[in-house]
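Subject: Structure for you to look at

Hi there,

Here is the structure I promised to pass on, with my notes below it. Please have a look at it before you read on.

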Amino acid sequence: MKIDQALAESKKVLTTKRYEHVERVTETAINLAKRYNGDEYKVGLAAALHDYAKDMDPHILKSWIEAEVDLPKDLLHYHPELWHGPVGSKMANKLFLIQDQDILGAIRYHTTGHQLMSLVEKIVFLADYIEPGRNFPVVHLARELSEKDLDQACHYALENSIQFLISKKQSVYPDTFFAYNALTNKLS
Ligand code: DGI
Ligand code: FE
Ligand code: FE
Ligand code: FE
């Protein structure tokens, strides 16, 4: 599948606003791949499909999580916002026949991260966080870090996401802590 085809598929199922975010994430991810010697095709394709399931009915997402043996059922005890990545990766596999584990992992883990992130996974995770349409307070430093050190930038994004969720008295999915801890250890 070509990146343009993947973008066209996302356009079919997303609101205009969400689709424009996907276009910006794709461009941001390809630029990060150039900087960090990542596979431009893999990050571009994963970014083009990362929010494929974002605007779908939570009942549909729930039924995919229940049906897919290798999707963790504990997701159902966390916020429905966390469901579109894992389900989107399954849809990319079943509907578009994508089999590359790096691409599928980047879609699956783009919201939470996970313990052992590949280069492609880190790039898509970070691109989603820093794309030019984002305007939360700490995004500026995240963008600066993204030009210097991919691990530090991902670590900063994870740290701020955890702090943000806690400040809102929301739960934090364990994979987010595993991703944060792994990079904390790697960077210290
Ligand atoms: O799909 P996007 O809006 O582009 O971005 P995303 O998939 O990274 O994040 C979707 C939302 O999920 C965002 O508002 C923050 C929230 N989120 C991320 N990690 C967690 C979380 N929400 C909860 N409750 N727990 C988490 O661990
Ligand atoms: Fe998302
Ligand atoms: Fe994200
Ligand atoms: Fe996104």
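Valine 43 sits in helix α3 (helices here are DSSP runs of H or I with at least four residues, strands are runs of E with at least two, and both are numbered from the N terminus). Valine 43 is buried, its relative accessible area being 0% (buried means under 20% relative accessible area, exposed over 50%, and partly exposed in between, with a 1.4 Å probe and protein chains only). Setting aside neighbours within four places in sequence, valine 43 touches Ala29, Ile30, Ala33, Val120, Ile123 and Val124, where contact means heavy atoms within 4.5 Å. Tyrosine 173 is 130 residues away from valine 43 along the chain, and their C-alpha atoms are 24 Å apart.

Before I go further, some housekeeping: this is a predicted model, in which local features need pLDDT of at least 70 and side-chain atom pairs count only at pLDDT 80 or more, while totals for chains, interfaces and linings use all residues. Residues are numbered from 1 along each chain as its sequence is written, chains are lettered from A and ligands numbered from 1 in the order in which they are written, and side-chain values use heavy atoms, leaving out hydrogens and water.

Back to α3. Seven of its 10 residues are buried, so the helix is mostly covered, with "buried" meant as defined above. The buried residues are Val43, Gly44, Leu45, Ala46, Ala47, Ala48 and Leu49. Their cover includes α1 (3–13), α2, α5, α6 and α7.

Now the metal sites, which I expect you will want to look at closely. Which residues hold the iron ion (ligand 4)? Its protein donors are His21 (NE2), His50 (NE2), Asp51 (OD) and Asp128 (OD), at 2.2 to 2.3 Å from the ion. Donors are N, O and S atoms within 2.8 Å of the metal (3.2 Å for Na, K and Ca), and water is not among the atoms, so sites may look incomplete. Along the sequence, the spacing of these donor residues is H-x28-H-D-x76-D. Distant parts of the chain are linked here: histidine 21 belongs to helix α2 (residues 16–36), while histidine 50 lies in the loop between α3 (40–49) and α4 (58–67), and the two are 29 residues apart. Histidine 21 and histidine 50 are both buried.

The iron ion (ligand 2) lies 3.5 Å from the iron ion (ligand 4), and aspartate 51 coordinates both. Aspartate 51 is buried at 2% relative accessibility, and histidine 110 is buried with a relative accessible area of 2%. The iron ion (ligand 3) is 5.6 Å from the iron ion (ligand 2).

Asparagine 37, in the loop between α2 and α3, has a positive phi of about 60 degrees although it is not a glycine. Asparagine 37 is exposed, at 71% relative accessibility. Leucine 97, in the loop between α5 and α6, likewise has a positive phi, near 60 degrees, in a residue other than glycine. Leucine 97 is exposed, with a relative accessible area of 65%. Glutamate 81 is in the loop between α4 and α5 (84–96) and is partly exposed, at 39% relative accessible area. Its C-alpha atom is 16 Å from that of glutamate 66, which is 15 residues apart from it along the chain.

Finally, the chain as a whole. How many helices and strands does it have? There are 10 helices and zero strands. The radius of gyration is 15 Å, close to the 16 Å that the globule rule gives for 188 residues, so the chain is as compact as a globular protein of that length. That radius is taken over C-alpha atoms, and the rule is 2.2 Å times the number of residues to the power 0.38. The C-alpha trace spans about 40 × 35 × 30 Å along its principal axes. Of the 188 residues, 47% count as buried. Among contacts between residues at least 6 apart in sequence, 60% join residues at least 24 apart.

Happy exploring, and do write back with any questions.

Best wishes
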